[in-house]
Amino acid sequence: NAGVTQTPKFQVLKTGQSMTLQCAQDMNHNSMYWYRQDPGMGLRLIYYSASEGTTDKGEVPNGYNVSRLNKREFSLRLESAAPSQTSVYFCASSEVRGSGPEAFFGQGTRLTVV
Amino acid sequence: RKEVEQDPGPFNVPEGATVAFNCTYSNSASQSFFWYRQDCRKEPKLLMSVYSSGNEDGRFTAQLNRASQYISLLIRDSKLSDSATYLCVVNIGTGNQFYFGTGTSLTVIP
């Protein structure tokens with residue numbers, strides 16, 4: 001059971017380049033999320049998708065776009081990368097369980113923008 | 001104002017010690033509460049959910065005070081393997097959003 005799979009694991013971009021981070025989950029979860037994690041800032045929600053066909057902004061959406069391609073896949077796009085977007089990006093998915101929702105995370109993408 | 005506030009630490013404690021972490025949340029609509037553990041350069045993983053009545057899992061005890069909007073985690077008999085960052089997390093039901101604290105760093109020293 002793979003859980004949540006993110007690609008790539010590492011990426012270096014030049015300022016102004018674009019790229020798409022891919023995320024897929026095989027747990028049939030309705031909700032998916034993109035977070036970024038910076039030192040001293042914790043995980044901050046960029047965008048989330050409560051169900052297939054819907055996406056909503058989180059705390060720090062500027063400079064990003066997302067696509068919920070189907071129930072399994074949720075991609076994050078940087079149209080014009082900036083050094084401030086250097087971060088570790090985590091994709092997650094969740095489903096409500098008896099004891100409340102639990103979020104499962106991918107292994108992260110370490111992105112450096114130079 | 002941040003949704004979730006935590007003392008970042010670091011906490012450096014000897015093996016066998018008891019250590020407590022605290023967390024406050026700002027949104028009274030928060031519905032579910034959790035502690036996650038994150039090892040260095042790894043993804044966060046669920047440690048335990050937090051219930052209003054308090055709950056225990058081995059050496060770990062979690063408490064929730066809805067009136068004060070306060071969550072705690074107590075670790076007894078600390079092990080070297082407990083060294084990690086502990087993240088306080090709340091789930092706001094609308095949209096099923098999770099909000100994370102900045103994390104509290106724990107190092108257990110031999």
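Me: Which strands of chain A and chain B each supply at least two residues of the lining of the largest pocket?

Reply: Rolling a probe the size of a water molecule over the atoms shows where empty space is left. In this predicted model, strand 4 (31-38), strand 9 (87-95) and strand 11 (109-113) of chain A each supply at least two lining residues of the largest pocket, as does strand 11 (104-109) of chain B.

Me: How much space lies in the largest pocket, and which residues are the closest to its centre?

Reply: The space amounts to about 490 Å³. The lining comprises 24 residues, and the closest to the centre are Gln37(A), Asp38(A), Pro39(A), Gly40(A) and Gln38(B). By class, the lining has seven nonpolar, twelve polar and five charged residues.

Me: How do the residues that line the second largest pocket divide by class?

Reply: That lining has one nonpolar, two polar and eight charged residues. Among them are Lys9(A), Arg110(A), Arg37(B), Asp39(B) and Glu43(B). The second largest pocket holds about 220 Å³ of space.

Me: What area is buried between chain A and chain B?

Reply: About 1900 Å² is buried between the two chains, and carbon and sulfur atoms give 55% of that area. On the side of chain A, Leu43(A), Pro101(A) and Phe105(A) lose the most area to chain B, together 26% of what that side buries. The contact joins 24 residues of chain A to 22 residues of chain B.

Me: How many salt bridges and polar contacts lie across this interface?

Reply: The rule finds zero salt bridges, whereas five residue pairs are in polar contact, both residues at pLDDT 80 or more.

Notes:
Residues numbered from 1 in each chain as written. Chains lettered and ligands numbered in written order. Predicted model: local features only at pLDDT ≥ 70, side-chain atom pairs only at ≥ 80, totals over all residues. Heavy atoms only, no water. 1 Å grid on protein atoms, 1.4 Å probe; cavity = no way out; pocket = protein on both sides within 12 Å on 5 of 7 lines; lining within 4 Å. Points joined across faces, edges and corners; volume = space filled by probe spheres on them. Helix = DSSP H or I, 4+ residues; strand = E, 2+ residues; numbered from the N terminus. Nonpolar A, V, L, I, M, F, W, Y, C, P; charged D, E, K, R; others polar. Contact = heavy atoms within 4.5 Å. Buried area = accessible area lost by both parts, 1.4 Å probe. Salt bridge = Lys/Arg side-chain N within 4 Å of Asp/Glu carboxyl O. Polar contact = N/O pair within 3.5 Å; in protein donor to acceptor, adjacent residues only side chain to side chain.
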